[in-house]
Amino acid sequence: MLRNSNRIKKSKPNADNITAAAEAVLKDGVPVRTAVRQFGVSRTTLQRHIAFCRKTNNFENMELNCAYYKRCVVWTVLSKDEDSVLIQYFIIACSMHFGLSKKS
């Protein structure tokens with residue numbers, strides 16, 4: 001069963017709202033739930049950014065610490081250069097009919 005049966009995609013979180021909510025929590029002492037309601041951001045996203053800001057101990061430059069970033073970059077295995085070399089290899093191997101025999 002699909003969790004999102006209407007296939008509605010969530011929009012990316014607004015970096016300005018996340019920064020403002022994180023500043024409110026870290027500097028002003030506002031509770032996380034109140035900041036979530038006030039700024040309209042996800043609680044999990046806000047908690048992740050607050051934990052990152054606390055780990056780096058750099059509260060002055062909140063825009064760099066609490067800006068939205070893609071987490072799937074960590075999942076990449078090959079660099080862009082290695083990826084382009086592999087693509088070129090596949091193109092050359094395909095043009096030479098590598099892996100195919102006359103019987104199949």
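Start by selecting Ile-50, which sits in helix H3, residues 43-56 (helices are DSSP runs of H or I, at least four residues, and strands are runs of E, at least two, numbered from the N terminus). You're looking at a predicted model, where local features need pLDDT of at least 70, side-chain atom pairs count only at pLDDT 80 or more, and totals for chains, interfaces and linings use all residues. Residues are numbered from 1 along each chain as its sequence is written, and side-chain values use heavy atoms, leaving out hydrogens and water.

Is Ile-50 buried or exposed? Ile-50 is buried, at 5% relative accessible area (buried is under 20%, exposed over 50%, partly exposed in between, with a 1.4 Å probe and protein chains only).

Now show what touches Ile-50. Beyond its neighbours within four places in sequence, Ile-50 contacts Ala-22, Val-25, Leu-26 and Val-32 (contact means heavy atoms within 4.5 Å). Ala-22 is 28 residues away in sequence, yet its C-alpha is 6.0 Å from that of Ile-50.

Next, select residues 16-50, which an unreviewed UniProt entry annotates as "domain: HTH psq-type" (positions follow the numbering used here, feature names are shortened, and annotations may be inferred rather than shown by experiment). This stretch is 77% helix and 0% strand, with its end C-alpha atoms 14 Å apart.

On to helix H5, residues 80-95: its 16 residues should span 22 Å, and the end C-alpha atoms are 23 Å apart, which agrees (the expected span is 1.5 Å times one less than the number of residues). After H5 comes His-97, with a positive phi near 55 degrees.
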